[in-house]
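Start with the sequence and the structure.

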Amino acid sequence: MSPRPIVVVGAGLSGLATAVLLAQRGRRVVVLERSATAGGRARSPAVGPLPMNLGAHALYRGGVAERTLRACGVAPRGFSPPLDGMVLTRNGEVLPAPTGTASLLWSRWLPFAAKASLVRALASLGREARRVDAGLSWGDWLEQQPSPQAASVLSMLARVATYADAPAQLAAAPVLAQLERAVGRGVTYVDGGWEVLVHALLERARVLGVEVRLSAPVDEVSEDGRSVQLTGGAALDADATVLAVPLRVASELTHTPSVRAFAAAALPSRVASWDAVVSRLPNPARRVAQGLETPTYFSVHSPVKAEPLRVHAHWVLRPGEKGAAVLPALQRWLDVVQPGLSACVVAERSLPELQVADAMPTTQDTLRPTVQLGAALYAAAEYAQPAAFLLDAALGAAQSVVQSLTSAALRRSA
Ligand SMILES: Cc1cc2nc3c(=O)[nH]c(=O)nc-3n(C[C@H](O)[C@H](O)[C@H](O)COP(=O)(O)OP(=O)(O)OC[C@H]3O[C@@H](n4cnc5c(N)ncnc54)[C@H](O)[C@@H]3O)c2cc1C
């Protein structure tokens with residue numbers, strides 16, 4: 001074993017999963033985390049009596065993220081949002097959301113031609129994802145649909161599945177693939193919030209002998225990844241360094257020109273979020289709601305009979321849109337979906353600008369870096385994974401980093 005460790009910067013889910021996968025392969029790993037707590041965007045700080053995710057978090061079933069967690073020895077437990085509790089809003093009216101072909105065909109608020117177009121589109125998402133040109137934007141793909149009403153439903157579903165409202169910039173192919181996953185396999189709301197995953201990974205890391213240093217911010221990483229400078233002056237020699245930090249931080253830590261250039265050009269996705277614990281739902285039949293012409297979302301993240309309940313609502317922000325400005329409109333929309341909800345609030349938290357992802361897949365993705373940034377410098381982060389979204393992108397990058405480091409070690413020992 002090399003006397004120098006692999007240093008992982010950042011103890012969010014990507015950093016912790018990378019550390020566990022490397023330690024499982026016999027590598028010595030040190031994780032350096034700036035905060036006093038691990039987890040990053042997957043922390044679940046309490047709102048009143050209950051731990052709650054920072055905004056609505058759903059784990060995509062059967063995706064890379066779930067597979068990677070399982071490979072780390074972590075089995076996510078939870079429940080799916082019930083299909084019969086889904087509604088959508090259109091011009092201030094609440095309508096039952098189609099949850100499958102049969103319910104779609106029976107729905108009375110769409111003309112027949114729109115229903116037929118929607119059924120065809122939903123049945124061919126995967127094929128379309130493989131067929132369309134990489135340069136085609138999601139907005140252009142929607143324009144090509146024969147029914148504008150069907151296109152607006154698809155646009156609404158895509159906003160929820162990607163947390164993005166930038167049709168002109170987003171690439172159509174990855175959006176279609178993400179929609180196929182969301183519609184086909186569904187999601188899990190993790191019991192106890194995503195911090196349960198963080199704690200499980202921390203425990204696996206501890207058992208495998210990974211050294212996790214909290215309150216250990218990194219100031220600088222050499223361009224080749226062999227040396228890491230901590231705030232306060234201490235330095236660490238590394239066999240390799242894995243950056244599992246947001247793109248902006250990575251560009252500040254490394255001075256790598258390609259990362260800096262990409263950070264300046266990347267398209268982030270952001271939401272204005274309202275997280276609350278409520279004593280009850282004024283309308284218990286409405287557990288998930290989406291806006292057809294507003295980028296709004298509401299969801300209950302507690303099982304059906306639980307009380308009090310966790311609820312999340314958010315507004316997906318367009319590029320440049322200010323979160324604080326849309327929060328009142330989000331509350332007005334909630335009054336339509338759940339009239340009287342504000343009287344049931346036990347505790348609440350508004351987070352006007354949460355950065356969900358640093359670099360969405362766009363039609364102009366030529367600057368996106370690969371996971372290997374330098375001779376021994378790697379990025380286990382969502383921005384280094386092309387054509388993927390959310391935690392699937394982040395843990396996909398973590399898997400690629402581990403493969404690259406394992407191949408490099410095998411080459412050295414050959
Ligand atoms: C509102 C919201 C909703 C989301 N919903 C979903 C969802 O439904 N499904 C899904 O799959 N994904 C979702 N995501 C995305 C998911 O949360 C992220 O992809 C994932 O948590 C990213 O993990 P990470 O480890 O890559 O980064 P982070 O969680 O950002 O972790 C980075 C870590 O690096 C640390 N750090 C930063 N600077 C330094 C430094 N200088 N030195 C040392 N450490 C440092 C930070 O403190 C942090 O702990 C959502 C995100 C948000 C914000």
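How many helices and strands does the protein chain have? The protein chain has 13 helices and 21 strands; helices (H or I, at least four residues) and strands (E, at least two) are DSSP runs, numbered from the N terminus. This is a predicted model: local features need pLDDT of at least 70, side-chain atom pairs count only at pLDDT 80 or more, and totals for chains, interfaces and linings use all residues. Residue numbers start from 1 along each chain as its sequence is written.

**Overall fold**
- The radius of gyration, taken over C-alpha atoms, is 22 Å, which agrees with the value near 22 Å for a compact globule of 414 residues. The globule rule is 2.2 Å times the number of residues to the power 0.38.
- The C-alpha atoms fill a box of roughly 70 × 50 × 35 Å along the principal axes.
- Buried residues (20 or more other C-beta atoms within 10 Å of their own, C-beta placed from the backbone) make up 48% of the 414 residues.

**Ligand shell**
- Around the ligand lie 37 residues (C-beta atom, placed from the backbone, within 6 Å), of which G10, G12, G40, G55 and L391 come nearest.
- The elements giving two or more residues to this shell are α1 (13-24), β15 (269-278), β19 (345-357) and α13 (390-413).
- α13 gives the most, with four residues.

**Around L292**
- L292 sits in the loop between β16 (288-291) and β17 (296-300).
- The C-alpha atoms of L292 and R90 are 5.5 Å apart, although 202 residues separate them along the chain.

Terms used. Buried ≥ 20, exposed ≤ 12 C-beta atoms within 10 Å, placed from the backbone.
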